[in-house]
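Here's a quick tour of a few spots in this model. Have the coordinates open and follow along.

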Amino acid sequence: MSTPHVVVVMGVAGTGKTTIGPLLAAVLGVPYAEGDDFHPPANIAKMSAGTPLDDTDRRPWLDAIGQWAHGRAGLGGVVSSSALKRVYRDRLRAAAPGAVFLHLTGDRALVEQRMSERKGHFMPAALLDSQFATLQPLGDDEAGVAVDVSGTPEEITERAVAALRRLES
């Protein structure tokens with residue numbers, strides 16, 4: 001990609017944001033920031049207890065991610081954020097207007113299988129239904145691409161890079 005965009009890797013829990021984000025950042029030669037690291041402790045406690053976050057919970061988290069993305073404007077970067085609702089993506093774009101979104105998509109069975117295989121993550125698979133219920137896919141007027149998460153992390157990253165390059169041209 002010729003322009004150093006900030007790419008927000010989005011999608012429901014279990015789609016591989018934490019796996020694909022660093023791989024994408026390495027290919028693009030930009031830093032990666034893990035979106036989960038921006039959650040305040042109260043959010044992590046709430047999700048660990050099996051309670052979905054509400055919009056009020058998400059505001060400080062989105063603002064922290066937006067601040068990071070703003071600081072990378074013109075330099076490029078990759079950050080993960082579920083960014084499930086359009087209003088969340090609008091909030092991120094307000095902070096970092098040049099951000100583009102990479103929506104990792106997959107069917108529920110595949111995502112649930114991957115969630116059940118990961119260890120040590122605070123997000124329980126029980127919250128997957130709430131994630132899918134909340135998800136609003138990218139609109140036609142939003143800068144971004146959707147990439148299916150079937151296959152290996154390297155295959156997904158390759159598809160993501162190709163899709164982002166097509167978006168840019």
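Thr 105 stands opposite Asp 148 in strand 5. Helices (H or I, at least four residues) and strands (E, at least two) are DSSP runs here, numbered from the N terminus. A word on provenance: this is a predicted model, in which local features need pLDDT of at least 70 and side-chain atom pairs count only at pLDDT 80 or more, while totals for chains, interfaces and linings use all residues. Residues are numbered from 1 along each chain as its sequence is written, and side-chain values use heavy atoms, with hydrogens and water left out.

| Strand pair | Sense | Bridges |
|---|---|---|
| Strand 1 (residues 6–10) and strand 4 | parallel | 4 bridges |
| Strand 4 and strand 5 | parallel | 5 bridges |

Buried means under 20% relative accessible area, exposed over 50%, and partly exposed in between (1.4 Å probe, protein chains only).

Strand 5 spans residues 144–148 and includes Ala 146. Is Ala 146 buried or exposed? Its relative accessibility is 54%, so Ala 146 counts as exposed. Leaving aside residues up to four places away in sequence, Ala 146 touches His 103 and Thr 105 (contact means heavy atoms within 4.5 Å). Gln 113 is 33 residues from Ala 146 along the chain, and their C-alpha atoms are separated by 20 Å.

Most residues other than glycine have a negative phi. Ala 83 isn't a glycine, yet its phi is positive, at about 45 degrees. Ala 83 sits in the loop between strand 3 (77–80) and helix 4 (86–95), and it is buried, with a relative accessible area of 1%.

Last stop, helix 7. Its buried residues are Ile 156, Thr 157, Ala 160, Val 161, Ala 163 and Leu 164. They cover an arc of only 165 degrees around the axis, which puts them on the same side of helix 7; the arc is taken from the directions from the helix axis to the C-beta atoms. The face turned away from that buried side carries the exposed residues Glu 154, Glu 158 and Arg 166. As for length, the 16 residues of helix 7 (residues 153–168) should span 22 Å at 1.5 Å a residue, and the end C-alpha atoms are 22 Å apart, which agrees. The expected span is 1.5 Å times one less than the number of residues.

Notes:
Two strands pair if DSSP finds at least two bridges between them.
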